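Good morning, and thank you for coming.

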Amino acid sequence: MEFPIIVASVIVVSLYVNLGIALYGIFARPSLVKKLLAITILSDTANAFAVLVGYRWPRTGTPQPPVLMNTTNYNESIKYYVEHAVDPLPQALVLTAIVIGLAVTLFIAFIIIQYYRLHGTVDVRKTKALSR
Amino acid sequence: MKKSEVCVIVSIIIFIFSLAYITSLGGLGYLPPVDVRKLAQIYLSSTYNPFEPTNTSSGYESVTAIVWDFRGLDTFFETAVFYGAIIASIAVYRGVSISTKKKPIGMSPIAKTITRLSTVLIPTVAASIAFHGHLTPGGGFQAGSVATVVIVLIVMVFGLRKVILKGLTKPKILLLRSLGLVGIGLTAIGLVLAGLVIGVNAYIFQNQAKPIAHISYPMWIDDILVGGSLLLFNLFEFVAVMAGFALVLMLFSIEEEEVRKVIK
Amino acid sequence: MIEIFTLAFLMLVSIASVIAAFKAIIEKDMVRAIVYSAIQSAMYALIFYVLMAPDIVLVYIPVSVGITPAILLFVTKKTERYDGD
């Protein structure tokens with residue numbers, strides 16, 4: 001069975017729309033917490049794109065996760081594995097990116113709390129009015 | 001709707017369309033492809049390959065093999081970034097002490113009982129993910145994230161003061177985290193040190209024997225695939241990730257009054 | 001047959017993630033916005049699972065459905081609850 005083109009287009013288009021929504025959140029919403037939320041959506045969407053690029057649809061059979069499962073006859077199972085498994089490299093990069101992204105999110109959250117302690121607000125427009 | 005907002009929306013739409021056009025021209029290609037890339041074929045075929053002993057990693061799982069063997073140095077420096085972000089977060093809370101004199105505040109007995117059960121169950125799952133990281137999907141990062149959930153639960157349900165009274169203080173968690181990082185470093189240079197002692201050639205981040213470096217971590221111990229350095233790396237990364245996130249999430253739950261005393 | 005079902009499910013999940021992300025951004029109440037964001041993350045976890053990435057699902061569910069909303073709730077509690085005017 002061929003991979004239907006409509007499914008691929010729906011996923012790609014929805015990921016692009018999510019990218020746009022997240023960018024709107026970063027640019028136009030006044031609250032810093034909302035901006036942080038939008039940044040997490042943006043990074044998740046970028047990670048989903050990377051995983052989608054690593055996906056494949058083999059000529060026969062269905063794709064397989066990058067884990068060697070059948071270990072009785074190594075000669076044949078490795079050949080089958082290379083022909084059917086999806087690309088593991090984007091998954092490895094995304095795996096570390098998610099955890100590092102969480103650490104950076106934590107750091108930004110601390111910065112936002114500190115900002116609130118110093119300025120008394122997390123609304124960027126009000127901060128602009130205060131500094132005048 | 002204001003004029004500036006319309007400007008923002010229009011420019012975002014233009015940006016997204018141009019990005020989609022550029023990536024569909026050169027980056028993405030036909031999705032999904034039938035074949036994987038050449039590099040991925042090499043990674044997949046040498047994840048566990050008993051016919052090429054000098055070119056293989058030592059687990060059944062390709063992602064863990066890439067993370068900790070083929071591209072181990074990348075992950076090492078990403079762990080360093082992680083370390084830096086956690087240290088920077090701690091620096092914001094410098095000098096804040098938590099008084100344990102007040103009575104600990106917690107949730108209802110139902111929530112406490114459920115949390116006591118999960119305190120056993122979730123770390124068990126995390127440990128199994130960490131120990132089987134080279135055989136089934138999983139590894140150090142996943143296990144650390146899963147184990148962090150139980151820390152969030154405990155801090156939210158029992159309250160921070162109870163946790164500190166039970167003996168899980170900030171210096172102890174820092175020690176645990178440093179232990180994990182030292183373990184990662186020692187595993188990375190373990191074969192170099194062993195090579196210096198017995199006088200043979202070895203690389204950093206070496207797992208199995210290479211053509212001019214003939215020493216390796218044990219791959220099989222008594223019919224069990226232990227995966228050489230992959231098991232050690234997963235274990236230490238589990239400890240480091242769990243302790244780092246636990247530290248920061250405990251700092252998060254300190255009341256604002258305690259912090260404002262220090263900042264002024 | 002099972003493949004067609006899986007692919008239709010994938011389409012539905014990606015559309016649902018768009019709706020959840022949109023609601024999360026335009027919602028004024030931060031607590032509800034965080035819940036919508038968690039829903040969007042759960043949809044992404046399903047997308048990752050269908051795209052044959054079990055490793056990422058294992059790391060993504062605790063991080064994006066568990067810890068990130070917890071952090072944002074902590075931040076919301078310590079700062080302001082409502083976004084905008």
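Let me begin within chain C, where α2(C) meets α3(C). On the α2(C) side, the residues involved are Met30(C), Val31(C), Ile34(C), Ser37(C), Ala38(C), Ser41(C), Ala42(C), Tyr44(C), Ala45(C), Phe48(C) and Tyr49(C). Their partners in α3(C) include Ile56(C), Tyr60(C), Ser64(C), Pro69(C) and Thr76(C). By class, this contact comprises 17 nonpolar residues, 4 polar and no charged. Please keep in mind that this is a predicted model.

How are the two helices oriented? The angle between α2(C) and α3(C) is about 175°, and their axes lie 9 Å apart. An angle over 145 degrees counts as roughly antiparallel, and α2(C) and α3(C) are therefore roughly antiparallel to each other.

As a general remark, nonpolar side chains tend to be buried together in soluble globular proteins.

I turn next to the contact between chains C and A. Chain C contributes 42 residues and chain A contributes 46 residues. On the side of chain C that touches chain A, α1 (2-26), α2 (30-50) and α3 (54-78) each supply at least two residues. Of the elements on that side, α3(C) gives the most, with 14 residues. The residues of chain C there divide into 27 nonpolar, 10 polar and 5 charged.

Finally, chain B. Is its helix α3, residues 62-70, mostly covered or mostly uncovered? It is mostly covered, with 9 of its 9 residues buried; among them are Trp68(B), Asp69(B) and Phe70(B). The buried residues of α3(B) pack against elements of three chains: α4 (88-119) of chain A, then α2 (38-45), α4 (72-92) and α9 of chain B, and α3 of chain C.

Helix α6 of chain B, residues 140-158, is also mostly covered, with 16 of its 19 residues buried. From first C-alpha to last, α6(B) reaches 27 Å, close to the 27 Å expected at 1.5 Å a residue. Just after this helix, Gly159(B) takes a positive phi of about 90°.

Note on methods:
Residues numbered from 1 in each chain as written. Chains lettered and ligands numbered in written order. Predicted model: local features only at pLDDT ≥ 70, side-chain atom pairs only at ≥ 80, totals over all residues. Helix = DSSP H or I, 4+ residues; strand = E, 2+ residues; numbered from the N terminus. Expected span 1.5 Å × (residues − 1). Buried ≥ 20, exposed ≤ 12 C-beta atoms within 10 Å, placed from the backbone. Contact = placed C-beta atoms within 7 Å. Nonpolar A, V, L, I, M, F, W, Y, C, P; charged D, E, K, R; others polar. Axes fitted to C-alpha atoms, helices over the stretch in contact; angles between N-to-C directions. Parallel < 35°, antiparallel > 145°, perpendicular 65-115°, else oblique.
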